[in-house]
Amino acid sequence: MQKEGYTGMKLICSLFITFLKIGAFTFGGGYAMIALLENEFVEKKKWLEKSEFLDMVAVAESTPGPVAINSATYIGYKIAGFAGATMSTLAVCIPSFFVIYGISLFFDQFLSLRWVSCAFRGIQVCVIYLILTAGLKMLKSIDKNTLNLTLLTLVMASMLCCSITAVSFSSVFYILICGAVGLVVFFLRKIRKGDGKTS
């Protein structure tokens with residue numbers, strides 16, 4: 001377990017502190033966290049390649065559970081094995097746990113404060129910016145092949161149509177459908193390669 005000067009316990013401690021910091025300053029859930037994770041692990045520390053990060057996002061969204069926790073577990077395991085996954089997951093949960101616990105003790109009084117309401121309005125704008133930034137960065141990083149561009153166009157068109165017609169269609173189905181299409185294309189290419197070798 002080593003990454004550019006970080007070895008063993010030092011690497012795990014660095015993961016813990018990094019995820020503790022990200023967990024404490026991320027508002028808006030896992031999708032808002034993606035931009036911070038990319039900045040920290042791809043651009044600053046360079047512990048992950050862009051392609052690896054995109055794979056992580058796909059896995060985190062496709063597997064059950066919150067995107068934030070799935071991302072922390074994946075990155076922690078990728079960098080420092082089981083210990084890294086455990087400490088990263090724990091670190092990203094600690095800030096949220098204490099904040100929610102504190103709010104729950106004084107929930108009614110907390111909501112009645114006008115400055116809290118104003119603060120949340122400002123945070124909403126920041127969350128939109130973080131999610132949009134993450135989405136644009138991922139869009140720039142994906143391979144511009146026919147399959148990816150076709151799926152992207154179809155998903156965007158479907159989402160727009162559903163919004164205009166007020167049809168409820170879960171984003172989970174978009175993920176499952178695109179995943180199924182990707183698997184079908186993968187196996188078709190594999191079969192074609194097999195036919196090419198035998199002929």
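**Close-ups of a predicted model**

**View 1. Thr18 sits in helix 1 (residues 8-25).** Helices here are DSSP runs of H or I, at least four residues, numbered from the N terminus. This is a predicted model, where local features need pLDDT of at least 70 and side-chain atom pairs count only at pLDDT 80 or more, while totals for chains, interfaces and linings use all residues. Residues are numbered from 1 along each chain as its sequence is written, and side-chain values use heavy atoms, with hydrogens and water left out. With 4% relative accessibility, Thr18 is buried (under 20% relative accessible area; exposed is over 50%, partly exposed in between; 1.4 Å probe, protein chains only). A polar atom of the Thr18 side chain is 2.7 Å from the backbone oxygen of Ser14. Setting aside neighbours within four places in sequence, Thr18 is in contact (heavy atoms within 4.5 Å) with Glu40, Phe41 and Lys45.

**View 2. Phe19, Phe41 and Trp47 are linked into a cluster by ring pairs.** Rings of Phe, Tyr and Trp (its six-membered ring) pair if their centres lie within 6.5 Å; planes under 30 degrees apart are stacked, over 60 edge-to-face, the rest tilted. Lys45 lies over the face of Trp47, 5.7 Å from the ring centre (the rule: NZ of Lys or CZ of Arg within 6 Å of the centre and within 35 degrees of the ring normal).

**View 3. Phe97 and Tyr101 make a stacked aromatic pair.** The whole structure holds seven aromatic pairs; in this one, the centres are 6.2 Å apart, with 10 degrees between the planes. Phe97 and Tyr101 are four residues apart in helix 4 (residues 67-105), so about one helical turn separates them. Phe97 is exposed at 53% relative accessibility, whereas Tyr101 is partly exposed at 47%.

Key
Helix = DSSP H or I, 4+ residues; strand = E, 2+ residues; numbered from the N terminus. Polar contact = N/O pair within 3.5 Å; in protein donor to acceptor, adjacent residues only side chain to side chain.
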